[in-house]
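Please look through the model below with two topics in mind.

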Amino acid sequence: MLSGAVVRPPSVNFANGLTSVELGMPVYGRALEQHEAYCAALTQCGLKLTRLEAEERYPDSTFVEDTAVVTERCAILTRPGTPSRVGEVAGVKAVLAEFYSELASLCEPGRLDGGDICEAENHFFIGISGRTNAAGAQQLAELLASFNYTSSFVDIREVDGILHLKSGVAYLGDKRMVVIEALRNREEFRGYELVRVQAGEEYAANCVMVNDHVLVAAGYPALEKTLRELGYQTIALEMTEFQKMDGGLSCLSLRF
Ligand code: CIR
């Protein structure tokens, strides 16, 4: 069971963050409302939230997931794969130290964003992307192995339209994964039951299992229907303002 999460609301200059999509400027007030609803959903799922202060020095810092990999046995601080985000890690380190006695860090030349890490119980899929390099992936795999976790690499550099591995996959438990079409034939996912995301709903692949619920982005009815038919209780959340900045549901929290 997950019991806690770290979140950070968007800062006033959130719109100055990085994005690769052309969906317009996010509206700050609306982003705050969507973030509040997200926090309420995590609380509804039974998590106790640690809320960090908004951080204007780092406009992308609401996407806390990229700064660490948190597991049942350890937390590993990342070295984000884009220079403007490297400074975000220090603030997250301070708060994770309150929860973890085992706090490891990646080092040069490793680069890795938490959004590339998909935890599937004792196995971790590590995406190699524009943000996570082979050295970062290898360091993480070795650190995870020292805590008795296995891992495998999924190279997504040739997959169009996804920033991170978890922009295209999510683990639901019971060896079941949500995947976008572009990733569904990957050898790495053999042995898993795949819930396919239909064309046009790719953004919804970034859903998040939190205890008895699955958080899903609002506005993607086919995936939500499929999940409900499979017996999941879903909570649909408006994510439009975060989507404009290339962010999804998973990136807004570190859950442990
Ligand atoms: C970035 O480009 O780093 C942010 N604008 C979005 C990060 C999204 N993070 C995630 O999916 N884990």
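Predicted model: local features only at pLDDT ≥ 70, side-chain atom pairs only at ≥ 80, totals over all residues.

The paragraphs that follow take up the ligand site and then the cysteines.

The ligand sits in the second largest pocket. A shell of 14 residues surrounds the ligand there, and the closest of them are L18, D60, D66, R131 and M245. Sorted by class, this shell is made up of 6 charged, 5 nonpolar and 3 polar residues.

Some side chains place N or O atoms close enough to the ligand to be picked out one by one. D66, one of the closest residues, has a side-chain N or O atom 2.8 Å from a nitrogen atom of the ligand. The side chain of E65 also has an N or O atom facing a ligand nitrogen, at 3.1 Å. With H164 the ligand atom is an oxygen, and the distance to an N or O atom of the H164 side chain is 3.2 Å. On its own the ligand has 340 Å² of accessible area, and the protein covers 98% of that area.

The cysteines are the second topic. A search of the whole structure for disulfides gives 0. C107 is accordingly in no disulfide, and the nearest cysteine sulfur, belonging to C74, is 15 Å away.

What is the distance from the sulfur of C118 to the closest cysteine sulfur? That closest sulfur is in C207, and the separation is 9.7 Å. A disulfide needs two cysteine sulfur atoms within 2.5 Å, so the sulfurs of C118 and C207 are too far apart for a bond. Is C118 buried or exposed? C118 counts as buried, because its relative accessibility is 1%, and the limit for buried is under 20%.

How values were computed. Residues numbered from 1 in each chain as written. Heavy atoms only, no water. Near = heavy atom within 4 Å. Polar contact = N/O pair within 3.5 Å; in protein donor to acceptor, adjacent residues only side chain to side chain. Areas by Shrake-Rupley, 256 points an atom, 1.4 Å probe, with all protein chains shown as cover. 1 Å grid on protein atoms, 1.4 Å probe; cavity = no way out; pocket = protein on both sides within 12 Å on 5 of 7 lines; lining within 4 Å. Sits in = over half its atoms within 2 Å of the grid points. Nonpolar A, V, L, I, M, F, W, Y, C, P; charged D, E, K, R; others polar. Buried < 20%, exposed > 50% of the residue type's maximum accessible area, 1.4 Å probe, protein only.
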